[in-house]
Amino acid sequence: SPFATTSAGVGTTLSNKETSSVNASRSADPEWAAIKHTPTGQMFKWPLVVPKLEDIAKSASGWEYSGQLEVGYIGGDADERNARYRMYQDFDQGAYVNNFDLAMKKADGSFFGLSGGAAGRRDQYYGVNFGRANSWTLKLYFSETPHVFTDSYKTLWSGLGTGNLVLLTGLTPGGTASTTADNAAVAAAAANSANRTSLSLTRKRYGARLDLTLSAAWKVYASYALEERKGARPLGAVWGNNGGTAPIEIPEPVDYDTKDLSAGVTYAAGLNAFNFRWSSSIFDNKIDTLTFQEPYRIAPQGFTTTPAAGAYVVGRFDLTPSNTSHNARAEYTRKLPDLYNGSITAVVAAGTWRQNDNLIPYTTVAGITSANVTILPGGDWSSVGSLSRPTARGKIDTRTADLTLSLNPSAELNVKLKGRFNESDNNSDPYYAVNPNAVYVDADAATAGAQTRGLSYAGLTGVWGRPLNDATGSGGVLFAGAPTPTGSVVISNKIYSSKQYRFGPTADYLLSKTANFTGSYERDTVERTNRERAKVWDDRFKLGYVNRALPLNSTLRTSYEYGQRRGSRYLTAYYEDAMSAAIIAMPTTVGTNVTSWAVRNNGALRNYELSDRNQHIVNVRLDTMLRPNLDAGLSFQFRESRYPDAAFGRAKDSSDSANLDLNYQPSPKQNIYSFYSYQQSRVRQASIQQAGNVTIGVVSPLGVITPENAATIGSTPGGPFYSLGNAWGARSTDRNHVAGLGFKQELGKATFNLDYSYTLGRTRLAYQYAIGGAINAANAVFAGDRVPDMAMDASYLDASLRFPLTPRLSARLVYRNQWETIRDWHYRNLDGSPVVAPNPANAPTVVGLDGGPMAYRVNWYGVMFQIKL
Amino acid sequence: QTRPTTPAATPALNGGATYVGEAVCIACHAPQNKQFTHTVHADIFRKNPKNELQQKSCEACHGPGSNHLKNPSDPANRPSLVGFTKEWGTPVATQNAQCMQCHSGGNHMFWDSSTHARNQLACSDCHNPMAKVSEAGLLKKQTINDTCYTCHQQQRAEFAKRSHMPLPEGKMSCVDCHNPHGSTAKALMKADSVNELCYNCHAEKRGPFLWEHAPVRDNCLTCHSPHGSNHDKLLTVARPFQCQQCHDNTNHQTNLYNAGQLLGGGAAPNSRMIGRSCQNCHSQIHGSNHPAGARFQR
């Protein structure tokens with residue numbers, strides 16, 4: 001790989017969508033001896049024409065050089081703006097530098113290489129490498145990738161791509177007294193074609209890598225890369241809470257720099273080999289916050305008493321924080337010829353991920369007050385004095401140790417013992433959502449008269465909770481707005497760490513020179529902190545069989561794997577210490593609604609990454625040489641996971657695929673290929689729609705509710721909250737067909753090349769429910785039993801005809817026909833009606849300014865000229 | 001056949017054969033030499049060898065050739081050389097051991113334990129050291145991705161789905177995430193965990209955030225299909241059902257959102273069934289650094 005190694009780093013390719021088209025038009029070497037097959041039985045690609053030694057151009061200074069440039073002109077519909085078409089590629093009509101390369105070599109091994117393509121486009125790429133073969137190489141590169149999120153965005157703001165969004169003329173920051181007028185104004189702005197735009201970002205990656213071969217044994221390297229991402233993407237922004245008010249898609253600015261540095265040394269000689277690598281990644285978000293004007297009048301929900309509704313003009317996001325990562329890794333292996341001809345391999349690695357961004361206040365609105373709370377000097381919710389600390393103090397340390405002992409007791413048998421430890425140790429400081437500069441009024445209901453004091457927890461005293469969504473939301477601050485106690489106010493974050501231990505043997509037995517049988521067992525244990533399950537363990541058994549000498553020179557590779565995951569006790573309410581229930585005990589008075597203490601989640605639901613699981617995986621792959629110039633590859637995979645303890649949540653998932661490849665290469669002048677894949681994946685899940693409350697003293701289907709059993713009864717299906725009559729289930733089924741066909745034919749000196757592929761994807765999401773339960777009779781008429789199928793069809797045809805005009809100049813006629821249709825129910829009717837307000841006098845359900853994915857059809861053609869040096 | 005951990009002693013296989021020099025080879029194998037001349041192997045062997053083995057050029061890989069010369073066209077004499085094709089029939093372990101003479105350690109340190117080695121893959125199942133077919137790496141196909149797809153057809157189909165990594169567009173390769181030569185992690189990953197791998201490109205999601213979403217911190221693949229998906233953003237299931245696999249909490253998460261709540265669905269439209277679904281409000285789902293961001297809304 002040119003710019004990263006196969007062991008670390010990204011950026012292993014310099015190309016774009018068109019590179020493969022150019023490559024495909026190159027002629028095969030007619031002098032090549034014959035078709036040969038890989039040891040598996042797949043045909044090697046016929047080598048391409050290269051100049052004979054004596055024909056390679058040479059300069060007076062002894063440099064041999066060769067190169068080519070392809071330039072031309074594109075016409076037709078290449079300027080299509082559709083986001084789906086533009087994703088990761090950038091075509092346009094007009095002059096086009098498709099690609100170029102220059103290779104220079106000297107007799108002492110010195111070399112210089114230059115390559116590039118799509119000059120001036122957003123998918124352009126360039127690379128330079130020079131050095132001396134087997135001594136040193138310096139590589140420099142630049143690659144650009146567009147990422148187009150939508151071409152149907154309707155902006156309501158100026159300042160796209162910045163951290164400050166100002167509403168366009170005609171829209172009122174904070175809305176007006178008339179929601180009807182606000183809805184009309186937003187709809188009018190969205191309908192204005194001048195406000196329709198694309199949201200995209202461009203990824204630019206610059207890099208350099210130096211490799212030194214000090215000797216046959218010693219090598220060192222160092223690399224640096226800078227990646228810039230700049231642009232904007234849609235981001236949901238909501239006000240209030242309890243479902244939120246008027247979520248609206250705002251354009252989030254993206255202006256990131258990521259610097260990747262790595263350096264290492266490798267050694268391999270005799271019995272020993274070791275690698276040492278250090279790597280760092282420094283991510284810098286140049287836009288720390290996003291402030292946006294809101295076009296609706298938001299009425300604060302319960303929390304605030306002042307200021308009034310019209311004061312909530314601006315919202316603010318804290319965007320992803322800048323962070324750093326460092327990692328050091330050492331790998332060592334030693335052959336042990338005297339110990340059953342074995343070897344031992346050991347790895348240790350340690351790293352850290354950190355961020356310590358300055359925290360921003362809860363709101364930009366100054367002077368917010370609420371019932372039952374007194375703000376002390378310096379404690380305004382719009383100031384950092386309302387925070388329990390000024391910075392994030394996030395830190396995760398990672399550690400890995402891996403050991404493999406490999407022994408060969410006989411020529412036929414290899415046994416390996418493997419052990420692995422991997423840890424993600426989150427050492428972030430817990431964050432407590434408490435305003436230390438605020439106190440409660442009448443804090444103690446048991447004491448006569450008003451008292452003014454904060455509540456203490458974890459060594460901190462103040463008013464607990466956090467004003468939600470720029471202080472427009474209710475329920476975020478304990479006792480604020482409503483002095484009624486509640487057990488579900490979040491008062492601190494949770495720190496998630498994990499440790500993984502993996503251990504097991506594998507055995508590999510050679511049945512013959514061409515067949516082997518493998519078996520392995522592995523126990524994979526993961527311990528997590530602050531999760532529903534403290535420990536899960538996965539026992540995996542795998543059998544494999546390979547035979548390389550079946551009839552028709554066929555190779556069969558097949559395996560079966562069974563995994564059984566189990567774990568410790570599953571705790572639905574594992575985060576009680578992060579909730580206000582830790583400060584305010586559950587009331588015991590008969591008749592008190594204690595739902596906010598008693599219920600966290602359906603007690604019979606299991607998160608699928610933690611639940612018990614029985615998994616079967618079957619892989620079959622057959623490569624066969626039907627004829628010496630025709631090979632076939634056939635593969636199947638069957639994967640099924642069942643979650644036996646998950647009465648609710650994900651119950652089962654499966655994915656199956658069947659694939660067939662055919663390659664026919666009768667001569668250097670002709671090559672035909674085809675492929676077909678079918679995939680199907682299913683996910684089955686179940687849930688219960690909430691109903692009722694958990695009230696002390698009430699007789700429920702599971703008994704009389706008491707403070708002692710409220711949590712159990714409240715979270716148990718069949719209880720007052722999770723009524724079984726409200727249960728529902730859903731099944732999602734993805735089906736995909738992908739087929740491709742291509743051929744290459746040399747006709748005299750001309751080369752015709754064609755590639756065609758068709759992709760069909762369908763997703764059916766069906767659900768079951770009891771009418772009158774999860775959905776009432778009136779709505780069931782509209783709900784039916786499924787949502788409309790999601791569908792995508794895509795067709796891609798690329799054809800080119802290349803013919804030489806002179807020995808150094810060829811012409812290539814290119815034709816591209818590409819289309820896609822896509823249906824996604826999330827975006828049905830949305831492009832034309834972005835303001836979803838069934839009652840125009842009310843705040844909208846959603847303002848969906850991204851119209852979603854759209855169909856496109858493109859025909860473009862071009863004439864390219866290939867000029868050889 | 002010897003095990004891959006034990007490099008084959010080629011001369012012993014050849015019954016005491018001796019090196020004849022590449023000029024002798026080229027005398028009969030001119031077409032191969034023409035192609036080979038353009039490879040990095042040729043540049044190393046011929047222009048700047050670092051040891052005696054590399055000076056052997058053709059015979060550095062194929063072994064000493066004197067026994068082959070005794071009867072070069074007789075198939076029965078093929079064991080006198082190491083060949084790297086199905087037709088030649090050299091055992092895979094022997095082939096690979098020849099490559100490991102130079103390519104041990106470094107990126108290849110974990111080859112012996114890799115799933116590719118366990119499945120008896122030869123180096124030449126992916127590489128063609130005789131011809132410069134690919135831009136780099138002496139691959140059997142023109143690109144890394146095309147090389148991998150010859151066996152991993154399933155992944156090729158996944159990259160054709162609605163949302164996918166930019167491999168079909170040539171902006172990424174399989175080797176950005178996987179080390180085909182072996183790794184200590186599952187699926188030949190080039191990092192010690194899934195998240196550590198994803199952060200190579202998605203550094204903005206590395207955090208750690210003030211408010212973390214537990215499954216996000218645990219494993220990106222809890223919600224995303226890494227190669228491609230029928231759904232937006234590589235999700236495994238359409239939202240809101242994706243989120244509702246875990247969230248059956250005390251609020252709107254428990255509702256059965258349905259076709260009647262689509263825009264134009266006939267009943268009241270619902271924001272969870274429109275556009276970004278749950279992320280219309282919980283947009284900072286990968287973590288929030290806002291002091292009020294526990295619900296990932298800021």
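Colleague: How many of the 9 residues in helix α8 of chain B are buried?
Modeller: This is a predicted model, in which local features need pLDDT of at least 70, side-chain atom pairs count only at pLDDT 80 or more, and totals for chains, interfaces and linings use all residues. Residues are numbered from 1 along each chain as its sequence is written, chains are lettered from A and ligands numbered from 1 in the order in which they are written, and side-chain values use heavy atoms, with hydrogens and water left out. Buried means under 20% relative accessible area, with exposed over 50% and partly exposed in between (1.4 Å probe, protein chains only). Helix α8(B), residues 92–100, is mostly covered, and the number buried is 8.

Colleague: How many strands does chain A have?
Modeller: Helices (H or I, at least four residues) and strands (E, at least two) are DSSP runs, numbered from the N terminus. Chain A has 6 helices, and its strands number 42.

Colleague: What share of the residues in chain A is buried?
Modeller: Along its principal axes the C-alpha trace of chain A spans about 105 × 70 × 55 Å. The chain has 869 residues, and the buried share is 55%.

Colleague: Among contacts in chain A between residues at least 6 apart in sequence, what share joins residues at least 24 apart?
Modeller: A contact means heavy atoms within 4.5 Å. Of the contacts counted from a separation of at least 6, the share that joins residues at least 24 apart is 68%.

Colleague: Which residue of β22(A) is the bridge partner of Val441(A)?
Modeller: Strand β21 (residues 438–441) of chain A runs antiparallel to β22(A), and 2 bridges join them. In β22(A), the partner of Val441(A) is Thr452(A).

Colleague: Which residue takes a positive phi in the hairpin of β5(A) and β6(A)?
Modeller: β5(A), residues 125–132, is joined to β4(A), residues 110–117, by 8 antiparallel bridges. β5(A) also pairs with β6(A), residues 136–154, in the antiparallel sense over 8 bridges, and Arg132(A) stands opposite Trp136(A) there. The hairpin has 3 residues between the strands, and the residue with a positive phi near 70° is Asn134(A).

Colleague: How many of the 19 residues of β6(A) are buried?
Modeller: β6(A) also pairs with β9(A), residues 196–213, in the antiparallel sense over 16 bridges. Strand β6(A) is largely enclosed by the rest of the structure because its buried residues number 14.

Definitions and conventions: Two strands pair if DSSP finds at least two bridges between them.
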